[in-house]
Amino acid sequence: MSDNIIVADKLSEKQQEYMALIAEIMEIRKRGEKPLAFIRTYGCQQNVADSEKIKGMLARSGFGFVDEPDDADFILFNTCAVREHAEDRVFGNVGALKNLKRRHPQILIALCGCMMEQEHIANRIYQSFPFVGLVFGTHSLHHFPELMYHSLVDGKRIFERGNDDNKLYEGFPVRRDGSFKGWLPIMYGCNNFCTYCIVPYVRGRERSREKDIILSEARDMISSGYKDITLLGQNVNSYGKTLQTPVTFAQLISEIDQNDGEYWLRFMTSHPKDCSKELIDAIANSRHISKHLHLPFQSGSDRILKAMNRRYDRKKYLETIAYAKEKIDGVSLTSDIIVGFPGETYEDFKETLSLIREVEFTSLFTFIYSPRVGTPAAKMDDPVSAEEKSKWFRELLDVQEEIAAKRCSSMVGQTERVLIESEKEKTGELNARTSGNIIVELDGDPSLIGTFQNVKITKARNWILKGELI
Ligand code: SAH
Ligand code: SF4
Ligand code: F3S
C-alpha cells in the first residue's frame, strides 16, 4: 500500500461512542419508541453502497427504516452530481420537504453525497433551504455519527465538504438492501479526469481496498446466501495498482471465483483503455463471473474521444470487443454513450451509430452531454443546439432498439440460466435476469425469488425476453 493511504482497522472508537450517544438521545426524545430514518439514494451503485454504510451506522444508533419521509425522524438524501437532471431532481425533492419540516420541526433533514462536494451547490443549499440541518460530502462518511450527534445536540446547521484526506476507511457496519443481490466496493475515487466528468472532483483520488479485506467480505456474502455480487469501482481495471503488493483486477476476481457455491460475480465499471486480455481470459475461464462486459465507449469518433481524454481510440476499443467475442461464448456487451459532447458534429455522431451497429450491444445507457461546473469540457465551445442534440439522441435510440430486438430474438428457443429477482407489480409475473444481464419475464411462484432456474426463452419483445420454467 502506498504511504499516503492509511487503512483504519475499524471505524474509530470515537465514532462508536457517538452512535451510542445518538441512540440515547433518540431514546429520550422518542420516549422509548424506535426512531425512524428515511434514506433516498440518487446516482450510481457507489452511492447505493455508501447508503448501505450510512444505514449500518444508523441501525447501530438504534434507528429503524421507513419507505416514506412522513413518519421519519431523520431524512437523508444521498445525491448524485453526474448530470444536471440528477441535480435538478434533488433540488425539487428537497424543496418538497419544507412543509414536512414545518409540521414536524424536530425532524433532522440531511444531504450528503457527490453534489455536496461542490462548493456552489453547498452554498445554494445553505441559502435556499434553511430547513436542511446537515450537509456532508463523500469524504466525510467515516465520521457521520459525530456530525449527526452535533446536529442533534447543538441544533446548529452543519455543512462539511472538501475533506479529502486521501485515506481509505474500513470497518463500517453495512446494512445491505438486498438479501441475494449485493454490492461490494473494491475501490473508491477516480484518476481519469475524462473532460466531461465530475466524478474525480467529488470522489477524490483512486484508492484500492486491501485484497484480503475484499476476499473475506466476498466469502461472507457468498456464505450468507448472496447469489449476485457486483464488485464496484469507477474503473475496476486499475484495481490494486496503488497497493503495496500490486494485484490486478483479473487476479482479484479470479480468486473470488475460487469460492464454491451457486452465485454470479459481476463488476462495474471497466474502462476500455485498460480492459486487459487477462481480464477477458479470467471471465472466459471462470465458474461464476457473468458473461457480461459493460464497456462504456462514450463516442465512436476518435476526434471526440481525444477531446474527452478517454485515452483509447475506436480501433483499440473494437479490438477489445473482438477479443471478448472470441473468448467468451455468447458474451453480452453493454455500454454508455454521450451524445452532443462540445464540438461534436453529425459526422462524429454517425461514427457512434456505426460503432453500435458493428458491435451489436445488448443494451445501452445513453446520455445527452450535460456541462458540469469545473470540468474542462464545460469551457469548450458547444455550438450545436439542444433540439439538434435531442434529434440525434432519438436517432440513436431507434437504431439501438432495432439492434436489441434482433439480438434478443436470436435467443428465442434457447435455454438460459436465470436468477429470479422479483414479482412484477400488477401482472403477477416474475422478473428474472440472465448472466448477460438481460431481463426475462416468466410465470412462476414468488417463492422462487432469489433462486437460480433454467428457463426456455419463448418470445422477445425489444430488449425484454419472455420465458418458461423448465
Ligand atoms: N466510471 C464510469 C462511468 C461513471 S459515470 C466509466 O468511466 O465508464 C456513468 C456515465 O455517465 C458515463 O459513462 C457517461 O456516459 C455518463 N456521463 C458522465 N458525465 C456526463 C456528463 N457530463 N454528461 C452526460 N453524461 C455523462
Ligand atoms: Fe468519470 Fe472517466 Fe472517471 Fe468514469 S473514468 S468516473 S467517466 S472520469
Ligand atoms: Fe453520481 Fe457520484 Fe455516482 S456523481 S454517478 S453518484 S460517483
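Which residues are around ligand 2? Before selecting them, note that this is a predicted model, in which local features need pLDDT of at least 70, side-chain atom pairs count only at pLDDT 80 or more, and totals for chains, interfaces and linings use all residues. Residues are numbered from 1 along each chain as its sequence is written, chains are lettered from A and ligands numbered from 1 in the order in which they are written, and side-chain values use heavy atoms, with hydrogens and water left out.

**Ligand 2**

Select ligand 2 and display the residues around it, which are Cys190, Asn192, Phe193, Cys194, Tyr196, Cys197, Val199, Pro200, Gln234, His271 and Arg310; a residue is near a molecule or strand if one of its heavy atoms lies within 4 Å of it. Sorted by class, this shell holds seven nonpolar, three polar and one charged residues, where Ala, Val, Leu, Ile, Met, Phe, Trp, Tyr, Cys and Pro count as nonpolar, Asp, Glu, Lys and Arg as charged, and the others, Gly among them, as polar.

**Ligand 1**

Now select ligand 1, where Arg83, Gln234, Gln298, Asp336 and Ser370 come nearest of the 15 residues around it. A polar side-chain atom of Arg83 lies 2.9 Å from an oxygen atom of ligand 1, while an N or O atom in the side chain of Gln234 is 2.8 Å from a nitrogen atom of ligand 1. For Gln298, an N or O atom of the side chain is 2.7 Å from an oxygen atom of ligand 1.

Stay on Gln298, which is found in the loop between strand E14 (292-294) and helix H11 (302-307); helices (H or I, at least four residues) and strands (E, at least two) are DSSP runs, numbered from the N terminus. Gln298 counts as buried because its relative accessibility is 7%, buried meaning under 20% relative accessible area, exposed over 50%, and partly exposed in between (1.4 Å probe, protein chains only). The phi of Gln298 is near 70°, a positive value in a residue other than glycine.

**Two further loops**

Select Asn166, in the loop between strand E7 (158-160) and strand E8 (168-169), whose phi is near 60°, again a positive value in a residue other than glycine. With 18% relative accessibility, Asn166 counts as buried.

Then move to Thr269, in the loop between strand E13 (264-268) and helix H10 (277-284), and look at the bond joining Met268 and Thr269, which is a cis peptide bond with omega of about 5°.

**Glu206**

Select Glu206 in the loop between helix H7 (199-203) and strand E11 (207-208). Its side chain makes a polar contact with the side chain of Ser238 at 3.0 Å; a polar contact is a pair of N or O atoms within 3.5 Å, and within protein one must be able to donate a hydrogen and the other to accept it, while residues adjacent in sequence count only if both atoms are side-chain atoms.

**Leu147**

The last stop is Leu147, found in helix H6 (residues 144-154), which counts as buried because its relative accessibility is 8%. Leaving aside neighbours within four places in sequence, Leu147 is in contact (heavy atoms within 4.5 Å) with Leu134, Phe136, Ser140, Ile158 and Glu160.
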